Every structure is written in structure tokens, then in C-alpha cells.
Amino acid sequence: GENVEQHPSTLSVQEGDSAVIKCTYSDSASNYFPWYKQELGKRPQLIIDIRSNVGEKKDQRIAVTLNKTAKHFSLHITETQPEDSAVYFCAAPHGSSNTGKLIFGQGTTLQVKP
Amino acid sequence: DAGVTQSPTHLIKTRGQQVTLRCSPKSGHDTVSWYQQALGQGPQFIFQYYEEEERQRGNFPDRFSGHQFPNYSSELNVNALLLGDSALYLCASSLGDSSDTQYFGPGTRLTVL
């Protein structure tokens, strides 16, 4: 069945350092890969996404890379700030895009130490 | 531009009871997906509604049912509540032809005693 594995489960970095979170997926038909940030007690917030026709997408300090052959994608956060501390989730759709059924990873708790 | 809204914010029920949760999608969106998020875990897909019909369903029992209204708002109903149903219930809205790009509401925290 469909599965999304996310690593690491916790990540602690010093302010200003980079953070990288990696996800692997099992459904080769998946072609859309979003990342969500969830602060304590709040809703998951879509921060960046990538489609399979590109290998990398960047938005200011965050970027996502995709390797379709290896079936993994990663979130990169540069120059981390304390406000980046949150739980980050990756997701992939079951089957091709537009099915609407997103399968989420288990989450990564990122702590940025000032 | 109104975002995704959900009601109520919190709810406490006892085992065996029934509950109804409500969601209004983001302005311009016509598709609503429901997710269950247990403490410390990622959201799990329950089902998705589009054009007032259930379009996709996850691995949840028939005790979980839903409805979508002509104005695109949606309800999630859970019958015969179990302790294990305690969770944050999130709805996410999207546009039918791009239903993978989903925006979440604030959620309803359900506690079953």
C-alpha cells in the first residue's frame, strides 16, 4: 500500500545553521509533494510544494528537492531562526495528482536553539 | 478572502455517543477533505467530498460518514464513539481540478471519555 517515511523524527540545530528533512514514498505514480509546518496547537500550514516535472523549487530560505528515480524528496531550510521551530510534515498523494488523498509522513520536530 | 473554518473548536463526548463536526472551505474552493490527527502523528485521510459526493475514502470504518452541501461546506459524522476516536479532526479545502493542493482549517479537538 501507499507509504511515506520521514526522517529524522527530531532535529535540533543552532540558529543560523541549515536543517534538512527527508521523505521517501512508495507509490511511483505520485507526482505532487507538499510540505506542511505545524506549530503547537495550530493548523498544518502549506509552506512549499513541488511537482514531478521539476527537480528543485526554492522560496526564500526554504527549498525542496525531488529525486523521482529514488522516490525521495527533501526539505531544506537555510539560516534557521527560532520561529522555524515546529513540526514539519511531508506528504504525497495516493496515486497520481488530483486524487486528493494525501498520505503524510510521521513528522519531524525541529528545534532551533537561539 | 475567507480561509477554511471549522466548528466547534473543542468537543467532549462519552463512549457510544454521536458527533457532528462542520467545515466551510476557503472562498473559491469546492472540495473538502477530512483528516484525523492523533497526538504526535501526521494527519490520516478519512475521506474527500466533491460535488456533494464522496470521491475518495481512507481506511476508516463506516462509523465515519460525511456530507457536502450545495454551498460546498461539509460535515463529518462519527457514530458509536470509541475512546480511540479522540483526536484533532482537520478539514482541508481545495479546488476540484487541483485537489492535491490542500489548505487546512484550525481543526476540532474531540475528546471521548
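The following legends describe close-up views of a predicted model.

In this predicted model, local features need pLDDT of at least 70 and side-chain atom pairs count only at pLDDT 80 or more, whereas totals for chains, interfaces and linings use all residues. Residues are numbered from 1 along each chain as its sequence is written, chains are lettered from A and ligands numbered from 1 in the order in which they are written, and side-chain values use heavy atoms, with hydrogens and water left out.

View 1. Helices (H or I, at least four residues) and strands (E, at least two) are DSSP runs, numbered from the N terminus. Eight of the eight residues of strand β9(B), residues 87–94, are buried, so the strand is largely enclosed by the rest of the structure. Here buried means under 20% relative accessible area, exposed means over 50%, and partly exposed lies in between (1.4 Å probe, protein chains only). A87(B), Y89(B), C91(B) and S93(B) point one way from the strand, while L88(B), L90(B), A92(B) and S94(B) point the other way.

**View 2. The strand partners of β9(B).** Two strands pair if DSSP finds at least two bridges between them. Strand β4(B), residues 31–37, is antiparallel to β9(B), and seven bridges connect them; within this pairing, L88(B) is the bridge partner of Q37(B). Strand β11(B), residues 108–112, also runs antiparallel to β9(B), with three bridges, and there R109(B) stands opposite L88(B). Strand β10(B), residues 103–104, is joined to β9(B) by two bridges in the antiparallel sense, and F104(B) is the bridge partner of A92(B).

**View 3. The interface between chains B and A.** Contact, defined as heavy atoms within 4.5 Å, involves 26 residues of chain B and 18 residues of chain A. The buried area, which is the accessible area (1.4 Å probe) that two parts lose on being put together, summed over both, is about 1,700 Å², and carbon and sulfur atoms give 49% of this area. One salt bridge is counted between the two chains, a salt bridge being a side-chain nitrogen of Lys or Arg within 4 Å of a carboxyl oxygen of Asp or Glu. The side chains of D100(B) and R51(A) form this link, with an N to O distance of 2.9 Å. On the side of chain B that touches chain A, the elements giving two or more residues are β4, β5 (44–50), β6 (53–57), β9 and β10 of chain B.

**View 4. Two buried loop residues of chain A.** S30(A) is placed in the loop between β3 (19–25) and β4 (32–38) of chain A and is buried, with a relative accessible area of 1%. A polar atom of the side chain of S30(A) lies 2.7 Å from the backbone oxygen of P93(A). T80(A) belongs to the loop between β8 (72–77) and β9 (86–93) of chain A and counts as buried at 1% relative accessibility. A polar atom of the T80(A) side chain lies 2.8 Å from the backbone oxygen of D17(A). Not counting residues up to four places away in sequence, T80(A) touches several residues, including V13(A), R61(A) and V112(A).

**View 5. The hairpin of β6 and β7 in chain A.** Strands β6(A), residues 56–59, and β7(A), residues 62–67, pair in the antiparallel sense over four bridges. K58(A) stands opposite A63(A) in β7(A). The hairpin has two residues between the strands, and Q60(A) takes a positive phi near 55 degrees.

Conventions: A polar contact is a pair of N or O atoms within 3.5 Å; within protein, one must be able to donate a hydrogen and the other to accept it, and residues adjacent in sequence count only if both atoms are side-chain atoms.
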